[in-house]
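Biologist: I have a structure here and would like to walk through it. Shall we take it piece by piece?

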Amino acid sequence: MKRLPIVEIDNRSGFCNGVVSAIRKAEEELDAGTRPLYCLGDIVHNSDEVERLCAKGLVTISHADLDNIADANVLLRAHGEPPSTYSTARRNNINIIDATCPVVLALQRRIKETFTTSPETQIVIYGKSGHAEVNGLVGQTDSRAIVVEDIAGLDRVDFNRDIALYSQTTMALEGFRAMIEEIKRRKAHDTEFTYHDTICRQVANRVDHLRDFARSHDVIIFVSGAKSSNGRVLYNECLSVNPASILVSNASGLDRSQLGNAGSIGICGATSTPRWLMEQVRDTVISLLNEEGEC
């Protein structure tokens with residue numbers, strides 16, 4: 001009888017502390033059941049987890065919806081929100097359940113302080129334009145901050161003025177370091193440049209571990225929602241050291257041909273990937289392998 005491959009879930013993959021806290025707060029409110037609970041945007045960038053909480057009664061709304069809601073409970077997810085969201089809540093007598101990640105809150109405060117105390121300084125944010133966290137950060141500057149996703153985005157910066165560089169918490173450290181060096185190279189000699197490493201270490205410290213995990217298996221199955229910025233970054237880290245890395249949203253994206261003749265299969269995921277989803281993928285992998293063994 002053919003020996004089946006080893007199938008292992010990475011024990012350091014899955015929800016970061018900020019997401020764990022947001023989901024815990026949502027579940028506590030839903031279990032209390034006093035009145036409907038709205039969430040401003042997807043509570044996490046994983047459609048399977050969003051659907052699970054939707055089945056428990058969580059209602060996802062948009063910022064446009066917020067203007068038309070009053071006397072309600074609204075949860076703010078870990079990504080954070082701009083000041084305008086809190087103003088709308090006060091105006092509409094909305095009870096805010098704030099699940100903003102403490103790391104993101106601290107970053108918002110630092111950017112707000114720079115904007116308030118040094119109004120002439122250009123605030124540059126290394127991050128994904130339009131991302132929920134980045135929208136909250138830009139909101140601290142009355143929408144004046146410049147968001148750059150890559151080196152090419154720096155063409156919009158005036159290098160004859162002072163610059164303060166911050167980063168979205170889930171960006172790659174290597175990209176941030178490259179941004180620092182490029183600004184140093186291009187800025188005028190008589191300008192001030194300060195940079196603030198605001199990348200979440202709980203996320204950043206996963207990279208080396210994830211590379212080691214990806215190297216240790218023949219095939220890697222990376223589980224991540226399509227909307228997850230962090231998921232794309234971490235999947236690419238796996239792919240860089242193991243070309244046999246597969247990206248799936250859930251178990252339905254798997255088939256036997258993807259597994260090849262692997263002797264070991266590793267399963268890992270983004271900071272927005274729930275453990276239960278990785279376990280479903282593991283069970284599906286084992287089922288596919290067992291079906292072949294029965295033939």
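Biologist: In which helix is Arg206 found?

Modeller: This is a predicted model, where local features need pLDDT of at least 70, side-chain atom pairs count only at pLDDT 80 or more, and totals for chains, interfaces and linings use all residues. Residues are numbered from 1 along each chain as its sequence is written, and side-chain values use heavy atoms, with hydrogens and water left out. Helices here are DSSP runs of H or I with at least four residues, strands are runs of E with at least two, and both are numbered from the N terminus. Arg206 belongs to residues 206–215, helix H9.

Biologist: Which side chain of opposite charge is nearest to Arg206?

Modeller: Arg206 is buried, meaning under 20% relative accessible area with a 1.4 Å probe, protein chains only. Lys and Arg count as positive, Asp and Glu as negative; His and the chain ends are not counted. A salt bridge needs a side-chain nitrogen of Lys or Arg within 4 Å of a carboxyl oxygen of Asp or Glu. Arg206 has none, and at 6.8 Å the nearest side chain of opposite charge is Asp10.

Biologist: Which backbone oxygen does the side chain of Arg206 reach?

Modeller: Look for a polar contact: a pair of N or O atoms within 3.5 Å, one able to donate a hydrogen and the other to accept it; residues adjacent in sequence count only if both atoms are side-chain atoms. At 3.5 Å, the side chain of Arg206 reaches the backbone oxygen of Gln202.

Biologist: How many residues of strand E6 are buried?

Modeller: E6 spans residues 122–126. In a regular strand the side chains alternate between the two faces of the sheet. Gln122, Val124 and Tyr126 are buried on one side of E6, and Ile123 and Ile125 on the other. The count of buried residues in E6 is five of five.

Biologist: Which residue of E8 is the bridge partner of Tyr126?

Modeller: Two strands pair if DSSP finds at least two bridges between them. E6 and E8 (residues 163–167) run parallel, joined by five bridges. In E8, the partner of Tyr126 is Ser167.

Note on methods: Buried < 20%, exposed > 50% of the residue type's maximum accessible area, 1.4 Å probe, protein only.
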